[in-house]
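Here are my notes on this model, as numbered points. Please read them alongside the coordinates.

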Amino acid sequence: MNYQPYLRPGFRVDPIPAPREKVRLLMLATSVVVEGLVDPEPGRTDPRLANCLYMNQAGLIVMGTACRRPLMLREAADISAAAELDVLVVRSDERDAYATFDLKLTSVDGMRCGYRMWMPTPSGSAWLIPTAGDEQHVRITPLGLEVYTKPPFASASERQAGLAHGKAFLSVAVQGWF
């Protein structure tokens with residue numbers, strides 16, 4: 001059987017290191033929120049995507065790291081260019097049960113960094129909201145990432161409640177329930 005690579009031929013992409021178990025669980029939880037088909041081992045088809053998750057229907061690649069910014073931003077941008085897909089970087093460290101997200105959207109120049117998961121209810125749809133500033137808010141859907149200029153919440157208390165729901169969802173993931 002002859003497989004087509006996920007990334008365009010001729011693009012050099014640095015290898016993505018294997019994420020720690022906690023980060024891998026957060027990556028899988030993120031793919032659950034997207035609610036689409038996921039290839040958990042795209043490195044079998046295209047070795048340049050080893051240690052990532054590939055979601056063709058959503059036009060999304062999920063990668064993860066326990067490293068601090070700016071590490072892995074260049075790799076995310078390279079993969080986005082090679083695949084012509086959005087890339088979502090899940091970041092976590094060993095001290096915190098939470099994750100932040102960096103995005104490389106094909107429709108936007110540059111990286112969007114420091115987003116947090118926001119959910120209106122503990123099992124509702126998910127958004128990525130910026131930690132500071134008046135940046136774009138990103139809704140996670142089965143068809144990909146949708147960018148909005150207005151937040152999905154109407155008040156500071158709704159924002160805090162949604163962040164708490166997102167944190168609770170991710171803490172369940174870290175326990176290995178996904």
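Which residue in strand 8 is the bridge partner of Thr141? The answer comes in point 2, after the ground rules.

1. Basis. This is a predicted model, in which local features need pLDDT of at least 70, side-chain atom pairs count only at pLDDT 80 or more, and totals for chains, interfaces and linings use all residues. Residues are numbered from 1 along each chain as its sequence is written, and side-chain values use heavy atoms, with hydrogens and water left out.

2. The hairpin. Thr141 has Gly144 as its bridge partner in strand 8. Strand 7 (residues 137–141) and strand 8 (residues 144–148) run antiparallel and are joined by five bridges. Two residues lie between them in this hairpin. Strands here are DSSP runs (E, at least two residues), helices likewise (H or I, at least four), numbered from the N terminus. Two strands pair if DSSP finds at least two bridges between them.

3. Eight strands make an open sheet with mixed pairing, in the order 1-2-3-4-5-6-7-8. Strand 1 (53–55) and strand 8 are at the edges with a single partner strand each, so one side of each has no neighbour in the sheet. On average, neighbouring strands are turned by 30° against each other, direction ignored. The axes are lines fitted to C-alpha atoms, and angles run from 0 to 180 degrees between N-to-C directions.

4. Strand 4. Strand 3 (residues 86–91) pairs with strand 4 in the antiparallel sense over five bridges. Leu88 has Leu103 as its bridge partner there. Strand 4 and strand 5 also run antiparallel, joined by two bridges. Leu103 stands opposite Arg112 in strand 5.

5. Strands 5 and 6. Strand 5 (residues 112–118) pairs with strand 6 (residues 126–130) over four bridges, again antiparallel. Met117 has Leu128 as its bridge partner in strand 6.

6. The cores. A nonpolar core is a set of buried Ala, Val, Leu, Ile, Met, Phe, Trp, Tyr and Cys residues joined through side-chain atoms within 4.5 Å. The largest has 35 residues; Leu60, Phe101, Leu103, Met117, Leu128 and Leu170 touch the most other members. Helix 1 (residues 21–34) gives the largest share, six residues. A second, separate core of 16 residues includes Val13, Ile16, Met63 and Ile79.

7. Leu60. Contact means heavy atoms within 4.5 Å. Not counting residues up to four places away in sequence, Leu60 touches residues including Val34, Leu53, Leu85, Leu88 and Leu145.

Terms used: Buried < 20%, exposed > 50% of the residue type's maximum accessible area, 1.4 Å probe, protein only.
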